[in-house]
Amino acid sequence: VRRNWEPTDEIGSREAEVVFCRVCDRRGADCRSFAVGESFSVEIYVQGNRPVDHLQFAIEVTDRHNRVIYGVSSVHLGLGYQSVEENEIVGFKVWFEPRLGAGDFLFDVALGYGNRGDGAPAHHVHRVARIATVSLRHTGLQPSFFGPANLEARMEVMSSGNAAPISSGC
C-alpha cells in the first residue's frame with residue numbers, strides 16, 4: 001500500500017503508521033467535493049510495524065483557518081481499542097452525516113495509546129495533519145442555514161401572551 005497524500009506534518013513513535021486515505025461519497029466512489037447536506041465517509045488504512053495492542057484511532061475536522069470543528073475517536077464511538085500485528089493492515093471508516101456547512105475542511109488523523117481523559121490518545125503513535133480535504137458548497141439560492149455546522153435549530157414565535165418579561169433573563 002502506498003501513501004496517497006503529499007508530505008505534511010507528521011509525528012509519532014510509528015509502531016503503526018497511516019498508509020492510505022480516501023474520501024468517498026455515499027456510493028463509495030472517491031470524491032472530495034460535496035453539496036451541503038450530502039453525507040460522506042473518510043477511510044484510513046493503518047499498517048503495523050510491530051504488534052500493537054490498545055491502539056485507538058482518532059479523526060479531527062478543521063476549517064481552513066485550522067479551527068477545530070469536530071473530533072472523535074474509536075473510544076468516543078464505543079469501538080474501544082484495537083490491536084494490529086506486524087505488517088497487518090487495518091482500515092477505519094468514519095461516516096459523516098450532513099451537518100457541515102459550506103466551506104473547505106481538512107482532516108487530521110491520529111493513532112495512539114491511552115486516553116488523556118477526554119477520549120483522545122495520550123501518546124501519538126502516528127499523527128498526520130491535513131491528510132485530506134473536502135469542499136462543501138451550497139446549492140440553490142437560499143441555504144437552510146449558514147456557518148460551519150448545521151445544529152438543526154428550532155425556533156418559535158412567542159405572542160405577547162406567552163412571552164417572558166425581558167428583565168427575567170432566560
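**Close-up views of a predicted model**

View 1. Across the whole structure, a search finds seven aromatic pairs. One of these is formed by Phe20 and Tyr45, whose ring centres lie 6.1 Å apart with 55 degrees between the planes, an arrangement that counts as tilted. The pair joins distant parts of the chain, since Phe20 belongs to strand E2 while Tyr45 belongs to strand E4 (residues 40-48), and the two are 25 residues apart. Tyr45, with a relative accessible area of 27%, is likewise partly exposed.

**View 2. The edge-to-face pair of Phe40 and Phe107.** The ring centres of Phe40 and Phe107 are 6.2 Å apart and their planes stand at 75 degrees, so the pair is classed as edge-to-face, the angle being over the 60 degrees that this class requires. Here too the pair links distant parts of the chain, with Phe40 in strand E4 and Phe107 in strand E9 (residues 103-113), at a separation of 67 residues.

**View 3. The largest nonpolar core.** This core holds 34 residues, of which Phe40, Val42, Ile44, Ile59, Phe107 and Ile131 touch the most other members. At least two core residues come from each of E2, E4, strand E5 (52-63), strand E8 (89-96), E9 and strand E10 (123-137), and E10 gives the most, with six residues. Once residues up to four places away in sequence are left out, Ile131 touches Trp5, Val18, Cys21, Ile44, Phe107 and Val109. In soluble globular proteins, nonpolar side chains tend to be buried together.

**View 4. Asp25 in strand E2.** Asp25 lies in strand E2, which covers residues 16-25. Asp25 is buried, because its relative accessible area of 9% is under the 20% limit. The side chain of Asp25 reaches the backbone nitrogen of Arg27 at 2.9 Å.

Methods
Residues numbered from 1 in each chain as written. Predicted model: local features only at pLDDT ≥ 70, side-chain atom pairs only at ≥ 80, totals over all residues. Heavy atoms only, no water. Helix = DSSP H or I, 4+ residues; strand = E, 2+ residues; numbered from the N terminus. Buried < 20%, exposed > 50% of the residue type's maximum accessible area, 1.4 Å probe, protein only. Polar contact = N/O pair within 3.5 Å; in protein donor to acceptor, adjacent residues only side chain to side chain. Phe/Tyr/Trp six-rings, centres within 6.5 Å; stacked < 30°, edge-to-face > 60°. Core = buried A, V, L, I, M, F, W, Y, C linked by side-chain atoms within 4.5 Å. Contact = heavy atoms within 4.5 Å.
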